[in-house]
Amino acid sequence: MEEVVASPREWIDRNESAKTMLARVLTARPLLLLPPLHRVPLRVGNVVELVGTSPSAKTHILIQAAVSCVLPKEWNGVHYGGLDRLVMFIDLDCRFDILRLSKMLKHRINGESNGSLKKIDQEHMDFDLWNNDTKKSPTYDEELYSLCMRRFLFIRCYDSFQFLATLKTLNYRIRKEQELHGISVHILMIDSIGAFHWIDRASTFMPLGATNRKTPSLQTVSETVVQEIRKLLLLHPMLVIATKATIFGDRYSMETKRNLGKLDTSNSRSMSSTSLQLPYREYMPSVWQTFVTHRVLVGASGLEFSL
Amino acid sequence: MAPLKYLEQEYPILDSNFQNFCATHGIFSGPFPPSNFSRIYSPILTPSFTFLGVRFAPILLLFWRCSLFDCSELKDTRRKHMKFRALHKKTEDQEDLLLHDLHVLVAFAEQQSTSERLKQGITQVLSIIDGQHQPWLNGMELLEDAQLNKHVLSTGCEGIDLLLEGGLRMGQLTELVGASSSGKTQVCLLATSNVAKKHMGGVVYLDTGNSFSPQRVIDFIRQNSDPAIDQAKHRILQKVMNRILCHSVFDIFTMFDVLHQLEVNLRSQMQKGDCQVRLLIVDSISSLVTPILGGGGSQGHALMASAGFLLKKLAHEHNLVVLVTNHTVGGEGGISKPALGESWKSIPHVRLRLSHDQGSSIYNVSVFKHPSMVSGKAARFTIYD
């Protein structure tokens, strides 16, 4: 009798105050400030969509974010400020160029290490130390470089079925890679979530046989994709960044460029507000649109960089 | 497309009990998807997954269907299209297992009496699914592949080579955009002659407008070589020309057939050491795709996207240079823009714009889009008659 009375009271009693909860959440899921998107406060579990017309820098942003993620915080005394985690990249567009990633990583490593070498030179003014460091630098750069390149995991999918197969087995793959490297996956990148849009839309099937059969169509494929990613985020909290190319041509050519200069980021939930003049037409199904938590419009401004 | 019972031969754990259990949850077919192409219509394909025991059944079925009609006899494109769609509806082309939630299925399986065996069956199916996608690679492996296999082929034209820092890259789809008579076919023929002669690679030329001219290719070959004995030269010339295969394609379905046949040939490695195919040219892809775009349906765009994916797949997996040409249409304000619309923009890796000064043999080429170069960079080159 006493146990029954005690439990409702316990149930009503508060677990923690808002202050302690905020402190807990901020330490368990800290804010990620990735360099190209450092003005957007992101946390794991967020789903970011980068939207832009075809020759805009979406994949470039992904590559820059990947470089920041795979670099360690500190290596051999040089501060890199990276997140020291794995990155998984699903290439649906089949246009990824590994040489760009490699160049950017080398540039970043050399930039940081050169900066620190100059500091040592000024501080110590030791000629021998300088010589030793320059002799050492190619080897320790190489080691760091190959370590970081191995942290970048890549797959390419030529159709939606391969994409679905990848997502279904991703849980097992993430666990395997985490055991192998000893660090967790922090970012899942999907290049061009709308790559198979036309193909899925055209493949509408007549249901044969039993009516409880799911026919692959744009709707069912998108629902399965969202469902799989949602389950994955429960097991392995990660940041999901997806790019999306605008398929339908923008009709507001001059106004587009002016608007993109003003727009920074916008939540997908406020899309219905008429003050936001969207320069493109949304074509992804609503199940994906509601899944996205942050939408970033990317475009060439011509005069200055605007994100 | 194999129903689950075909998988039983290979994996005895997927027995009739498992199949009945799946059937109660709406899963009738196993994970054996055909390519993108046949989801819209089903041509003659070999499934790209290597479970040898079960592979024969689908292949035999498809070959049988092949004999029902002959593509080249059907003149009318629309009739061809409808026939393909009719064929396609007969195949049970549904990826039930990929669309269902397997965790829910496991939960249902636990309620059954034979739950252990059913769960083993589901695990087996998951491992089959794991073999269905491309393998995961890390950055170092990708880099090695790019450095070993994906070399740069020069086009024979110094202006373009300088602009592209060496030439056309293997594994990439390059598009040449230009108004009519801006030199696109000339560049294609020049690249053909250069690859066949200097790089000693095979060339597959898909010609949509009867613009392939063997005489012009011979002119290009003769231009760059030293005058030599006629006899030896004739033999060399024959050897070089033997490496070039030209197909006339006048509609997109024929192009798909030729490309699939090429894929089968490349995969079964029927190449003699000398003429490994290195260059694939489609001149021009816009004349194949433009008639099917529009009309409100999404079939045209889907075929265009499928063509793009197939070309990129061929380029990447078999280390080819793929070159396509596109024409221009009028845009806003009278400025011409490339044809094929917004969806095509994100398909090629590199887009180059060609133009021609009237009356001279000087051509301008500028970069429209490039994975690692700013657009707008331009160069000039000359093609001599």
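What share of the contacts in chain B between residues at least 6 apart in sequence join residues at least 24 apart? It is 68%, where contact means heavy atoms within 4.5 Å.

Some ground rules. This is a predicted model, so local features need pLDDT of at least 70 and side-chain atom pairs count only at pLDDT 80 or more, while totals for chains, interfaces and linings use all residues. Residues are numbered from 1 along each chain as its sequence is written, chains are lettered from A and ligands numbered from 1 in the order in which they are written, and side-chain values use heavy atoms, with hydrogens and water left out.

Stay with chain B. Its secondary structure comes to 17 helices and 13 strands. Those are DSSP runs, numbered from the N terminus: helices are H or I with at least four residues, strands are E with at least two. Of the 385 residues in chain B, 53% are buried. Buried means under 20% relative accessible area, exposed over 50%, partly exposed in between, with a 1.4 Å probe and protein chains only. Chain B exposes about 17300 Å², and carbon and sulfur atoms supply 54% of that. The areas come from the Shrake-Rupley method with a 1.4 Å probe; for residues, only the protein chains shown count as cover.

Now some backbone details. Most residues other than glycine have a negative phi, and most peptide bonds are trans. The bond from B:D283 to B:S284 is cis, with omega near -5°. B:S284 sits in the loop between strand 7 (277–283) and helix 15 (285–289) of chain B. B:N319 has a positive phi, near 55°. Its loop runs between helix 16 (299–317) and strand 8 (321–326) of chain B. B:N319 counts as buried because its relative accessibility is 17%. B:L340 also has a positive phi, about 75°. Find B:L340 between strand 10 (336–338) and helix 17 (341–345) of chain B. At 7% relative accessibility, B:L340 is buried.

Over to chain A. How many of the seven residues of strand 7 (residues 239–245) of chain A are buried? Seven, so the strand is largely enclosed by the rest of the structure. A:L239, A:I241, A:T243 and A:A245 point one way; A:V240, A:A242 and A:K244 point the other.

What flanks it in the pairing? Strand 1 (residues 47–52) of chain A runs parallel to strand 7 of chain A, joined by six bridges. Pairing requires at least two DSSP bridges between two strands. A:G52 stands opposite A:A245. Strand 6 (residues 185–191) of chain A also pairs with strand 7 of chain A in the parallel sense, over four bridges. There, A:M189 partners A:I241.
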